[in-house]
Amino acid sequence: MGMLDHWQPVALSRALRKKPLGVVVANQPVALFRTASGAPAAVSDVCPHRRLKLSAGAVAGDRIQCKYHGWTFDACGNGESPGAPKMTTCTTSYDVREQHGLVWLKNRHSAPAFPHIESDGYLPICTLAHAVPAPLELAVDNFNEIEHSGTVHDTFGYDLDRMSEVKVTFESTDDEVRVTNAGPTKRINPLFAWFIGIRKGDTFHDHWTTRFSPVYSRFDHWWTSTDGSRESMVRWRLYIFFVPQDDQTTRVFSVTFAKSRYPGPGGGLRLVRWMFRREIDREIRSDVNMLYHMADYGTGIEGLKLSRFDKVLGLTRERIARVYRGQPALRVALA
Ligand code: FES
Ligand SMILES: [Fe+2]
(Lines give C-alpha, C1' and ligand atoms only; values in the text may rest on other atoms or scores of the structure.)
(Ligands and ions follow the chains in the order given, each with its own letter.)
Protein backbone atom coordinates (compact mmCIF):
# COMPACT_ATOMS: atom_id res chain seq x y z
CA MET A 1 0.00 0.00 0.00
CA GLY A 2 1.09 3.56 -0.64
CA MET A 3 0.55 6.50 1.67
CA LEU A 4 -2.68 7.67 0.04
CA ASP A 5 -4.14 4.16 0.22
CA HIS A 6 -4.98 4.67 3.92
CA TRP A 7 -7.90 6.70 5.22
CA GLN A 8 -6.37 9.78 6.73
CA PRO A 9 -7.61 13.14 7.92
CA VAL A 10 -6.66 16.07 5.71
CA ALA A 11 -8.66 19.03 7.05
CA LEU A 12 -10.88 20.17 9.88
CA SER A 13 -14.54 20.00 8.83
CA ARG A 14 -15.01 23.57 10.01
CA ALA A 15 -12.23 24.77 7.69
CA LEU A 16 -14.06 23.51 4.59
CA ARG A 17 -16.85 25.94 3.84
CA LYS A 18 -18.27 27.32 0.61
CA LYS A 19 -14.91 27.93 -1.01
CA PRO A 20 -12.63 25.10 -2.12
CA LEU A 21 -9.69 24.36 0.15
CA GLY A 22 -6.25 23.34 -1.11
CA VAL A 23 -4.27 20.82 0.96
CA VAL A 24 -1.14 18.79 0.34
CA VAL A 25 -1.09 15.16 1.48
CA ALA A 26 2.03 13.05 1.05
CA ASN A 27 3.31 15.53 -1.57
CA GLN A 28 0.03 15.36 -3.55
CA PRO A 29 -1.90 18.62 -3.96
CA VAL A 30 -5.60 18.03 -3.39
CA ALA A 31 -8.56 20.41 -3.80
CA LEU A 32 -11.38 19.82 -1.32
CA PHE A 33 -14.83 21.23 -1.92
CA ARG A 34 -18.43 20.75 -0.84
CA THR A 35 -21.10 19.87 -3.38
CA ALA A 36 -24.50 21.61 -3.30
CA SER A 37 -25.72 19.11 -0.65
CA GLY A 38 -22.72 19.91 1.58
CA ALA A 39 -21.01 16.55 0.97
CA PRO A 40 -17.22 16.86 0.87
CA ALA A 41 -15.37 15.93 -2.32
CA ALA A 42 -11.70 15.81 -3.30
CA VAL A 43 -9.92 16.04 -6.66
CA SER A 44 -6.35 16.68 -7.71
CA ASP A 45 -5.48 20.34 -7.16
CA VAL A 46 -3.83 20.56 -10.58
CA CYS A 47 -6.20 21.51 -13.38
CA PRO A 48 -5.46 19.13 -16.28
CA HIS A 49 -5.90 22.00 -18.75
CA ARG A 50 -3.03 24.33 -17.87
CA ARG A 51 -2.25 23.36 -14.25
CA LEU A 52 -3.91 26.15 -12.32
CA LYS A 53 -4.80 25.17 -8.77
CA LEU A 54 -8.45 24.15 -8.80
CA SER A 55 -8.64 25.23 -5.15
CA ALA A 56 -8.17 28.83 -6.35
CA GLY A 57 -11.53 28.54 -8.11
CA ALA A 58 -15.10 28.30 -6.84
CA VAL A 59 -17.88 25.77 -6.41
CA ALA A 60 -20.72 25.82 -8.94
CA GLY A 61 -23.51 23.43 -7.87
CA ASP A 62 -21.93 19.99 -7.56
CA ARG A 63 -18.76 20.95 -9.44
CA ILE A 64 -15.53 22.76 -8.76
CA GLN A 65 -14.77 25.42 -11.37
CA CYS A 66 -11.26 26.39 -12.40
CA LYS A 67 -10.62 30.11 -12.10
CA TYR A 68 -8.51 30.30 -15.26
CA HIS A 69 -10.71 29.16 -18.18
CA GLY A 70 -13.82 27.97 -16.36
CA TRP A 71 -13.51 24.21 -16.83
CA THR A 72 -15.51 22.31 -14.21
CA PHE A 73 -15.06 18.92 -12.50
CA ASP A 74 -17.49 16.83 -10.49
CA ALA A 75 -16.75 14.81 -7.35
CA CYS A 76 -15.68 11.85 -9.52
CA GLY A 77 -13.23 14.02 -11.45
CA ASN A 78 -15.26 14.16 -14.70
CA GLY A 79 -14.46 17.43 -16.45
CA GLU A 80 -16.27 19.75 -18.87
CA SER A 81 -14.83 22.61 -20.86
CA PRO A 82 -17.18 25.46 -21.79
CA GLY A 83 -14.98 26.26 -24.80
CA ALA A 84 -14.77 22.66 -26.09
CA PRO A 85 -17.96 20.90 -24.94
CA LYS A 86 -17.28 17.77 -27.01
CA MET A 87 -13.89 17.17 -25.45
CA THR A 88 -13.72 14.60 -22.64
CA THR A 89 -11.40 15.21 -19.76
CA CYS A 90 -11.04 13.98 -16.24
CA THR A 91 -8.82 14.35 -13.24
CA THR A 92 -7.93 12.20 -10.22
CA SER A 93 -10.60 12.08 -7.54
CA TYR A 94 -10.52 10.52 -4.07
CA ASP A 95 -12.86 8.69 -1.70
CA VAL A 96 -13.90 11.15 0.99
CA ARG A 97 -15.57 10.84 4.40
CA GLU A 98 -16.41 13.26 7.14
CA GLN A 99 -16.22 12.03 10.76
CA HIS A 100 -15.14 13.31 14.19
CA GLY A 101 -14.95 16.89 12.89
CA LEU A 102 -12.46 15.91 10.17
CA VAL A 103 -12.47 15.42 6.41
CA TRP A 104 -10.72 12.17 5.45
CA LEU A 105 -9.59 10.86 2.09
CA LYS A 106 -7.95 7.91 0.38
CA ASN A 107 -7.23 6.64 -3.10
CA ARG A 108 -10.22 5.23 -4.98
CA HIS A 109 -8.84 1.73 -5.53
CA SER A 110 -7.77 0.86 -1.97
CA ALA A 111 -9.98 -0.79 0.67
CA PRO A 112 -8.40 -0.19 4.10
CA ALA A 113 -10.35 -0.28 7.36
CA PHE A 114 -11.44 3.13 8.62
CA PRO A 115 -9.68 3.93 11.95
CA HIS A 116 -11.92 2.98 14.85
CA ILE A 117 -12.23 5.72 17.44
CA GLU A 118 -13.38 4.25 20.75
CA SER A 119 -15.04 6.94 22.84
CA ASP A 120 -17.79 5.14 24.79
CA GLY A 121 -18.37 6.94 28.07
CA TYR A 122 -16.18 9.88 27.01
CA LEU A 123 -17.24 13.42 26.15
CA PRO A 124 -15.73 15.05 23.05
CA ILE A 125 -13.56 18.00 24.03
CA CYS A 126 -12.06 19.26 20.79
CA THR A 127 -10.69 18.45 17.36
CA LEU A 128 -7.58 20.44 16.41
CA ALA A 129 -5.02 20.65 13.62
CA HIS A 130 -1.38 21.70 13.89
CA ALA A 131 1.46 21.79 11.40
CA VAL A 132 4.68 20.29 12.74
CA PRO A 133 7.93 21.46 11.10
CA ALA A 134 9.40 17.96 10.80
CA PRO A 135 9.15 14.82 8.68
CA LEU A 136 6.62 12.18 9.69
CA GLU A 137 9.04 10.00 11.66
CA LEU A 138 10.29 12.89 13.83
CA ALA A 139 6.74 14.07 14.50
CA VAL A 140 5.77 10.55 15.61
CA ASP A 141 8.93 10.28 17.74
CA ASN A 142 7.93 13.38 19.65
CA PHE A 143 4.44 12.19 20.54
CA ASN A 144 5.57 8.59 21.18
CA GLU A 145 8.04 9.45 23.91
CA ILE A 146 7.30 10.67 27.41
CA GLU A 147 10.75 11.70 28.67
CA HIS A 148 10.19 15.24 27.35
CA SER A 149 7.08 15.69 29.52
CA GLY A 150 9.35 16.59 32.43
CA THR A 151 10.50 19.75 30.65
CA VAL A 152 8.04 20.62 27.85
CA HIS A 153 4.52 20.17 29.26
CA ASP A 154 2.68 21.55 32.23
CA THR A 155 -0.72 19.87 32.32
CA PHE A 156 0.64 16.30 32.35
CA GLY A 157 3.91 14.43 32.65
CA TYR A 158 6.56 13.17 35.03
CA ASP A 159 8.64 14.91 37.63
CA LEU A 160 12.00 15.52 35.95
CA ASP A 161 13.88 14.92 39.22
CA ARG A 162 12.22 11.47 39.55
CA MET A 163 12.18 10.51 35.85
CA SER A 164 14.41 7.54 36.67
CA GLU A 165 11.52 6.02 38.67
CA VAL A 166 9.14 5.93 35.68
CA LYS A 167 8.31 2.37 34.65
CA VAL A 168 7.99 1.90 30.92
CA THR A 169 6.92 -1.22 29.00
CA PHE A 170 6.80 -1.94 25.26
CA GLU A 171 4.74 -4.51 23.39
CA SER A 172 4.42 -4.83 19.66
CA THR A 173 2.74 -6.84 16.96
CA ASP A 174 3.17 -6.65 13.20
CA ASP A 175 1.04 -3.54 12.93
CA GLU A 176 0.79 -2.11 16.42
CA VAL A 177 3.08 -0.74 19.14
CA ARG A 178 1.88 -0.38 22.75
CA VAL A 179 3.69 1.56 25.44
CA THR A 180 2.76 1.98 29.09
CA ASN A 181 4.33 4.42 31.52
CA ALA A 182 3.72 4.97 35.22
CA GLY A 183 5.62 7.17 37.62
CA PRO A 184 5.58 10.25 39.86
CA THR A 185 3.55 13.08 38.38
CA LYS A 186 5.17 16.44 37.87
CA ARG A 187 3.59 19.49 39.52
CA ILE A 188 1.03 20.56 37.02
CA ASN A 189 -1.04 23.69 36.44
CA PRO A 190 -2.82 24.16 39.85
CA LEU A 191 -6.30 24.78 38.38
CA PHE A 192 -6.01 21.58 36.37
CA ALA A 193 -4.69 19.63 39.33
CA TRP A 194 -7.58 20.79 41.51
CA PHE A 195 -10.29 20.01 38.94
CA ILE A 196 -8.83 16.67 37.88
CA GLY A 197 -8.18 15.65 41.50
CA ILE A 198 -4.40 15.19 41.42
CA ARG A 199 -2.34 15.33 44.61
CA LYS A 200 1.37 15.87 45.06
CA GLY A 201 3.30 12.64 44.54
CA ASP A 202 0.44 10.86 42.71
CA THR A 203 1.28 8.37 40.00
CA PHE A 204 0.68 9.51 36.43
CA HIS A 205 -0.34 6.76 34.01
CA ASP A 206 0.24 7.27 30.31
CA HIS A 207 -0.62 4.41 27.98
CA TRP A 208 -0.61 4.62 24.24
CA THR A 209 -1.04 2.41 21.22
CA THR A 210 0.25 3.40 17.79
CA ARG A 211 -1.13 1.95 14.58
CA PHE A 212 0.09 2.51 11.06
CA SER A 213 -2.84 2.46 8.59
CA PRO A 214 -2.95 5.47 8.84
CA VAL A 215 -0.28 6.47 11.37
CA TYR A 216 -2.03 7.37 14.62
CA SER A 217 -1.74 6.95 18.37
CA ARG A 218 -4.39 6.60 21.02
CA PHE A 219 -3.32 8.01 24.38
CA ASP A 220 -4.97 7.39 27.75
CA HIS A 221 -3.95 9.64 30.64
CA TRP A 222 -5.00 9.31 34.27
CA TRP A 223 -3.61 9.62 37.79
CA THR A 224 -3.85 7.48 40.91
CA SER A 225 -2.51 7.59 44.45
CA THR A 226 0.77 5.70 44.72
CA ASP A 227 -1.00 2.62 46.13
CA GLY A 228 -3.64 2.75 43.37
CA SER A 229 -6.58 3.06 45.79
CA ARG A 230 -7.66 6.56 44.65
CA GLU A 231 -8.10 7.60 41.03
CA SER A 232 -8.28 11.08 39.51
CA MET A 233 -11.75 12.50 38.78
CA VAL A 234 -10.97 12.94 35.08
CA ARG A 235 -9.36 10.69 32.47
CA TRP A 236 -8.17 11.83 29.07
CA ARG A 237 -8.26 10.01 25.78
CA LEU A 238 -6.58 11.55 22.76
CA TYR A 239 -6.28 10.26 19.24
CA ILE A 240 -3.48 11.87 17.29
CA PHE A 241 -3.21 11.31 13.54
CA PHE A 242 0.10 12.04 11.81
CA VAL A 243 -0.26 12.99 8.15
CA PRO A 244 2.79 13.95 6.10
CA GLN A 245 2.19 17.07 4.05
CA ASP A 246 5.56 16.79 2.37
CA ASP A 247 9.05 15.68 3.37
CA GLN A 248 9.51 18.59 5.80
CA THR A 249 6.07 19.13 7.33
CA THR A 250 3.64 16.83 9.11
CA ARG A 251 0.09 17.76 9.94
CA VAL A 252 -1.09 16.58 13.33
CA PHE A 253 -4.85 16.15 13.80
CA SER A 254 -5.95 15.56 17.37
CA VAL A 255 -9.35 14.35 18.57
CA THR A 256 -9.62 14.69 22.34
CA PHE A 257 -12.13 13.21 24.77
CA ALA A 258 -12.42 13.25 28.54
CA LYS A 259 -14.37 11.21 31.09
CA SER A 260 -15.39 12.63 34.43
CA ARG A 261 -16.52 10.98 37.66
CA TYR A 262 -18.15 14.19 38.94
CA PRO A 263 -21.95 14.00 39.21
CA GLY A 264 -24.25 15.71 36.73
CA PRO A 265 -24.54 15.72 32.95
CA GLY A 266 -21.13 15.56 31.34
CA GLY A 267 -19.53 15.44 34.81
CA GLY A 268 -18.90 19.19 34.67
CA LEU A 269 -16.73 18.83 31.58
CA ARG A 270 -18.95 21.03 29.42
CA LEU A 271 -18.25 23.94 31.77
CA VAL A 272 -14.49 23.60 31.45
CA ARG A 273 -14.31 22.43 27.84
CA TRP A 274 -13.12 25.86 26.67
CA MET A 275 -10.22 25.73 29.13
CA PHE A 276 -9.28 22.14 28.28
CA ARG A 277 -9.36 22.98 24.58
CA ARG A 278 -7.10 25.97 25.12
CA GLU A 279 -4.62 23.93 27.17
CA ILE A 280 -4.50 21.04 24.69
CA ASP A 281 -3.84 23.52 21.90
CA ARG A 282 -1.09 25.11 23.98
CA GLU A 283 0.51 21.76 24.82
CA ILE A 284 0.62 20.68 21.17
CA ARG A 285 2.10 24.07 20.26
CA SER A 286 4.81 23.42 22.86
CA ASP A 287 5.69 20.21 20.98
CA VAL A 288 5.64 22.07 17.67
CA ASN A 289 7.94 24.77 19.05
CA MET A 290 10.38 22.15 20.34
CA LEU A 291 10.60 20.60 16.89
CA TYR A 292 11.67 23.97 15.43
CA HIS A 293 14.90 23.55 17.35
CA MET A 294 16.05 20.21 15.95
CA ALA A 295 19.65 20.44 14.78
CA ASP A 296 19.06 17.80 12.12
CA TYR A 297 15.85 16.70 10.43
CA GLY A 298 17.24 13.41 9.19
CA THR A 299 15.05 10.47 10.15
CA GLY A 300 17.78 7.85 10.70
CA ILE A 301 18.37 6.72 14.26
CA GLU A 302 21.72 5.05 13.78
CA GLY A 303 24.36 6.74 15.92
CA LEU A 304 21.90 8.36 18.34
CA LYS A 305 22.48 7.84 22.04
CA LEU A 306 19.01 6.50 22.75
CA SER A 307 17.60 6.19 26.27
CA ARG A 308 15.39 3.49 27.80
CA PHE A 309 12.34 5.53 26.73
CA ASP A 310 13.39 5.48 23.07
CA LYS A 311 13.04 1.80 22.21
CA VAL A 312 9.76 2.78 20.59
CA LEU A 313 11.58 4.78 17.87
CA GLY A 314 12.84 1.67 16.11
CA LEU A 315 9.50 -0.12 16.51
CA THR A 316 7.50 2.73 14.94
CA ARG A 317 10.03 3.41 12.14
CA GLU A 318 9.92 -0.19 10.93
CA ARG A 319 6.09 -0.14 10.83
CA ILE A 320 5.87 3.31 9.23
CA ALA A 321 8.12 2.06 6.44
CA ARG A 322 6.42 -1.30 5.93
CA VAL A 323 2.74 -0.71 6.79
CA TYR A 324 2.24 2.97 5.99
CA ARG A 325 4.70 3.66 3.19
CA GLY A 326 4.48 0.15 1.72
CA GLN A 327 8.26 -0.26 1.60
CA PRO A 328 9.97 -3.63 1.96
CA ALA A 329 10.59 -4.76 5.54
CA LEU A 330 13.40 -2.76 7.09
CA ARG A 331 15.81 -3.79 9.74
CA VAL A 332 16.08 -0.79 12.03
CA ALA A 333 19.14 -0.87 14.25
CA LEU A 334 18.67 0.15 17.85
CA ALA A 335 21.49 1.71 19.83
S1 FES B 1 -6.11 25.98 -16.33
FE2 FES B 1 -7.95 25.29 -15.53
S3 FES B 1 -9.41 25.74 -17.01
FE4 FES B 1 -7.55 26.35 -17.88
FE1 LIG C 1 4.79 16.43 23.95
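I took helices (H or I, at least four residues) and strands (E, at least two) as DSSP runs, numbered from the N terminus.

The model is predicted, so I kept local features at pLDDT of at least 70 and side-chain atom pairs at pLDDT 80 or more, while totals for chains, interfaces and linings use all residues. Residues are numbered from 1 along each chain as its sequence is written, and chains are lettered from A and ligands numbered from 1 in the order in which they are written.

**Entry: a cis proline.** I looked up the loop between β15 (203-212) and β16 (215-224), and found Pro 214 there. The peptide bond from Ser 213 to Pro 214 is cis, with omega of about 0 degrees.

**Entry: domains.** I read the bounds from the domain assignment, which is automatic or from a database. The assignment gives domain 1 (3-106) and domain 2 (123-324). Their centres, taken over C-alpha atoms, are 34 Å apart. I then asked how many residues of each domain are in contact. I count a contact when two C-beta atoms, placed from the backbone, lie within 7 Å. By that rule, 14 residues of domain 1 touch 12 residues of domain 2. On the domain 1 side, β1 and β2 (21-25) each supply at least two residues. β1 gives the most to that side, with 4 residues. I also sorted that side by residue class: 9 are nonpolar, 5 polar and none charged. For the classes, Ala, Val, Leu, Ile, Met, Phe, Trp, Tyr, Cys and Pro are nonpolar, Asp, Glu, Lys and Arg are charged, and the others, Gly among them, are polar.

**Entry: the sheet with β1.** I followed β1 into its sheet. The sheet is open, has 3 strands in the order β1-β11-β10, and pairs antiparallel. I call two strands paired if DSSP finds at least two bridges between them. From one strand to the next the twist averages 30 degrees. Angles run from 0 to 180 degrees between N-to-C directions, and axes are lines fitted to C-alpha atoms, for helices over the stretch in contact.

I checked both pairings of β11 (residues 102-106). β1 is joined to β11 by 4 bridges, and β10 to β11 by 5 bridges. Val 103 in β11 stands opposite Ala 11. Val 103 also stands opposite Glu 98. β10 and β11 make a hairpin with 2 residues between them. His 100, in that turn, has a positive phi of about 55 degrees.

**Entry: another positive phi.** I looked at Asn 27, in the loop between β2 and β3 (28-34). Asn 27 is not a glycine, yet its phi is positive, about 70 degrees.

**Entry: the sheet of 5 strands.** I traced an open antiparallel sheet in the order β5-β6-β7-β8-β9. Its edge strands are β5 (58-60) and β9 (89-90). I found 2 bridges between β6 (residues 63-65) and β7 (residues 72-73), which run antiparallel. Gln 65 stands opposite Thr 72 in β7.

**Entry: a helix pair.** How do α1 and α5 pack, and at what angle? I got about 140 degrees between α1 (residues 136-143) and α5 (residues 311-324), with axes 10 Å apart. The two helices are therefore oblique to each other. The cut-offs are under 35 degrees for roughly parallel, over 145 for roughly antiparallel, 65 to 115 for roughly perpendicular, and the rest oblique. Leu 136, Glu 137, Val 140 and Asp 141 in α1 meet Leu 313, Thr 316, Arg 317 and Ile 320 in α5. These contact residues divide into 4 nonpolar, 1 polar and 3 charged.
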